[in-house]
Amino acid sequence: MRLLIIGRLNGELITASRIAMSRGAAVTQADGIEQGLNALRAKGADLVMVDVSLPIRVLVTALADERIRTPVVACGTGTDAKAAVAAIQAGAKEYIPLPPDPELIAAVLEAVASDARSFVWGDPSMERVVKLAEQVARSDASVLITGESGTGKEVLARHVHARSNRAQKPFVSVNCAAIPDALLESELFGHEKGAFTGAVARRIGRFEEASGGTLLLDEISEMDVRLQAKLLRALQERVIDRVGGTQPVKVDIRVLATSNRNLAEEARKGTFREDLLYRLNVVNLRLPPLRDRPADILALAEHFARKYAEANGLAARPLSAEARRLVTQSPWPGNVRELENTLHRAVLLASGPEIDADAIRSPEGDAFSTGAIALGAAARAVQTAEAVTRGFVGRSLADVERDLILDTLDHCLGNRTHAAKILGISIRTLRNKLNEYTGAGIAVAEPGQTRMLAAYG
């Protein structure tokens with residue numbers, strides 16, 4: 001756990017620093033925002049504590065501009081309520097009153113360290129995967145974790161790290177699908193000052209940030225083939241080249257990767273390097289979909305019910321017999337992620353001493369039924385398919401494809417990653433299509449928007 005404290009070390013901040021170190025955190029100190037940014041660029045950190053009197057919005061904006069995703073916690077005298085509110089509005093995740101409470105600081109550090117991800121399982125099919133994961137965890141072998149979206153691949157990766165000899169070192173995750181190709185190289189390998197427009201200072205990449213620990217390359221199948229060659233060299237030789245750099249940099253990491261695609265098939269199609277696949281796939285941990293892990297469904301549902309009751313300050317309530325039946329009989333096409341969201345809603349909607357079946361609802365608020373609802377959905381799908389098919393007549397394939405892509409993006413409120421998964425195409429292909437549409441003057445939904453909002457603000 002690496003903590004960066006930004007602010008002049010008065011007696012209270014010195015106490016906070018000592019408390020953090022007594023809890024196993026490695027603490028770096030910076031006097032001001034610019035010095036703190038330099039420390040983040042050079043060393044990285046898991047958490048930033050910043051004096052509330054400093055310009056927190058400047059810090060948060062600079063982190064966003066440089067794609068540094070370290071959470072920020074403000075700290076100041078407990079009586080200054082206005083400063084606390086302003087810090088949260090400026091982008092701080094939490095506010096810690098000073099003088100520091102050791103238990104409060106310990107709780108914040110623990111929350112960051114655990115990343116709120118619990119590993120819950122009990123099905124025999126998962127037991128085999130977990131047993132293999134724990135067998136290889138203490139080695140430095142690369143591991144490829146595969147499975148459908150939402151099955152818990154990153155959670156398993158964190159479990160492997162926690163059981164490894166590198167458990168006390170950093171765990172750094174990079175979502176290869178969420179970062180544009182033009183920026184991913186800098187994100188992974190870092191850059192030197194002036195390497196490109198906006199490179200205002202040297203910044204270490206995720207490889208250097210993870211040195212000594214574990215680097216997770218999430219959804220690696222979305223990485224551009226040209227960048228895969230540089231990644232292969234880094235894995236083979238344990239050296240990297242910063243963008244714009246002239247000297248190779250040694251790194252000591254263990255690499256894990258995830259994919260919801262069949263990488264062997266991608267290699268045959270030429271979209272993924274076969275030699276990189278061999279390098280990553282020393283051990284393959286394949287996570288079965290939730291529908292094939294029936295014993296996990298109820299255990300996870302009960303875990304999420306407790307988790308979100310605590311998170312929302314509510315009393316923990318058990319699932320009723322009918323709710324348990326609905327949960328266990330659902331096919332859960334969205335896997336663990338869908339189950340988690342459903343139980344989060346249920347905790348908020350439940351009103352009695354139990355979480356009843358009436359609280360188990362779809363995102364639109366429809367009653368959750370494995371029988372009638374499924375039949376109704378099938379009938380609606382048939383009607384929709386017939387209407388859509390009639391609408392295709394007389395239109396070009398390019399026009400149909402464009403409308404399908406833009407409508408799907410609207411449905412996902414501009415989220416490129418989700419839209420690409422629904423469409424069954426890579427995020428790179430989707431971005432190329434959207435650039436083509438934008439160049440032709442066609443409105444494209446921005447993240448968090450639909451086309452109407454993008455067009456009219």
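Buried means under 20% relative accessible area, exposed means over 50%, and partly exposed is what lies in between. I jot that down before anything else, since I keep coming back to it. I also note that I'm working with a predicted model.

**Entry: Glu34 and Arg41**

I looked up Glu34 and got 48% relative accessibility, so I call it partly exposed. Its side chain meets that of Arg41 in a salt bridge, with N to O at 3.3 Å.

**Entry: other salt bridges**

How many salt bridges does a search of the whole structure find? I get 30. I picked out a few to look at.

Arg226 and Asp224 pair up through their side chains, at 2.9 Å from N to O. Arg226 is exposed because its relative accessibility is 71%. Asp224 comes out at 11%, so I file it as buried.

Next I checked Arg273. Its salt bridge partner is Asp275, and the closest N and O atoms are 2.8 Å apart. Arg273 has a relative accessible area of 27%, so it is partly exposed. Asp275 is at 32%, which means partly exposed as well.

I also came across a network: salt bridges link Glu187, Arg203, Arg206 and Glu209.

**Entry: Thr151**

Where does Thr151 sit? I found it in the loop that runs between strand E6 (143-146) and helix H7 (153-162). With 3% relative accessibility, Thr151 counts as buried, because the cut-off is under 20%.

What does the side chain of Thr151 reach? I traced it to the backbone oxygen of Glu148, at 2.8 Å.

Then I listed what Thr151 touches, leaving out residues up to four places away in sequence. My list reads Leu287, Pro288, Pro289, Arg293, Asn335 and Val336.

**Entry: a nonpolar patch**

Last stop was the surface. Which residues form a nonpolar patch there? I noted Leu314, Leu348 and Leu349, with about 270 Å² of accessible area together.

I took a further look at Leu349. It belongs to helix H15, which covers residues 335-349.

Conventions: Residues are numbered from 1 along each chain as its sequence is written. This is a predicted model: local features need pLDDT of at least 70, side-chain atom pairs count only at pLDDT 80 or more; totals for chains, interfaces and linings use all residues. Side-chain values use heavy atoms; hydrogens and water are left out. Patches are made of residues with over 30% relative accessible area and no salt bridge: like charges are joined within 9 Å, nonpolar side chains (Val, Leu, Ile, Met, Phe, Trp, Tyr) within 5 Å. Accessible areas come from the Shrake-Rupley method with a 1.4 Å probe; for residues, only the protein chains shown count as cover. A salt bridge is a side-chain nitrogen of Lys or Arg within 4 Å of a carboxyl oxygen of Asp or Glu. Helices (H or I, at least four residues) and strands (E, at least two) are DSSP runs, numbered from the N terminus. Buried means under 20% relative accessible area, exposed over 50%, partly exposed in between (1.4 Å probe, protein chains only). A polar contact is a pair of N or O atoms within 3.5 Å; within protein, one must be able to donate a hydrogen and the other to accept it, and residues adjacent in sequence count only if both atoms are side-chain atoms. Contact means heavy atoms within 4.5 Å.
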